[in-house]
Amino acid sequence: GGVQENGGNRAVFKRPHLDDICPIKFLVPEGSVGFILGSKGLAVKEIQEQSGADIAILRERDLPCHLADKVVSITGDANAKKHGLRLLLERLRKASNQSFENNELLIVIVPMRAATLLTNLQVPPRLMERFGVDVHVNVMRVADGLDWKPVSMMGPLKGTVEAVAEVMSVCENAIAQNDLSREDFVI
């Protein structure tokens with residue numbers, strides 16, 4: 001975002017898109033990272049090209065504490081993030097030989113303030129009703145030293161992706177209304 005030239009001498013302010021500051025972050029077992037990346041990183045590059053999302057696996061040195069699992073971060077516009085998440089979950093499912101009839105278990109992580117907001121707004125029961133996804137906002141932090149909470153989601157793949165998108169939409173709206181800040185979403 002910022003000031004960009006618009007042809008002549010007039011500058012136009014472009015507001016940074018909220019989607020870029022409210023990434024989807026979720027946990028994967030360390031052993032699954034290779035499945036996500038693929039040989040020489042080709043699988044994740046293909047998913048990024050197909051979806052338009054940016055996908056990163058956060059390095060331990062970028063986290064304030066040690067986690068047993070790895071954190072995957074998906075950024076981009078809302079549709080790109082949804083598409084990227086769906087493709088990643090499909091890839092993980094293929095790698096683990098799970099059938100698509102099985103329910104998906106996904107642990108999304110959100111800032112503590114966002115977790116409180118999700119609970120206060122009664123988001124988990126709405127997600128069960130709308131998408132058939134059982135959602136639980138954990139009372140414990142992801143780890144000591146990390147002010148993020150896990151939100152577990154269990155449901156069909158399509159419903160899980162939609163539920164994650166709805167959670168991110170609630171967070172983005174809260175940022176727009178100043179109930180949450182951009183800094184809340186920085187690990």
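In this predicted model, K81 and E172 form a salt bridge in which the closest N and O atoms lie 2.9 Å apart. K81 belongs to helix α3, which covers residues 78–95, and E172 to helix α6, which covers residues 157–176, so this pair ties together parts of the structure that are 91 residues apart in sequence. Both partners are shielded: K81 is buried, with a relative accessible area of 2%, and E172 is buried as well, with a relative accessible area of 10%. Each value therefore falls under the 20% limit that defines a buried residue.

Because E166 lies in helix α6 and R130 in helix α5 (residues 123–131), the contact ties together parts that are 36 residues apart in sequence. R130 counts as exposed, at 52% relative accessibility.

A further salt bridge joins R141 to D147, with 3.3 Å between the closest N and O atoms. Here R141 counts as partly exposed, at 42% relative accessibility, and D147 is likewise partly exposed, at 44%.

In general, side chains of opposite charge can pair when their charged atoms come close.

Conventions:
Residues are numbered from 1 along each chain as its sequence is written. This is a predicted model: local features need pLDDT of at least 70, side-chain atom pairs count only at pLDDT 80 or more; totals for chains, interfaces and linings use all residues. Side-chain values use heavy atoms; hydrogens and water are left out. A salt bridge is a side-chain nitrogen of Lys or Arg within 4 Å of a carboxyl oxygen of Asp or Glu. Helices (H or I, at least four residues) and strands (E, at least two) are DSSP runs, numbered from the N terminus. Buried means under 20% relative accessible area, exposed over 50%, partly exposed in between (1.4 Å probe, protein chains only).
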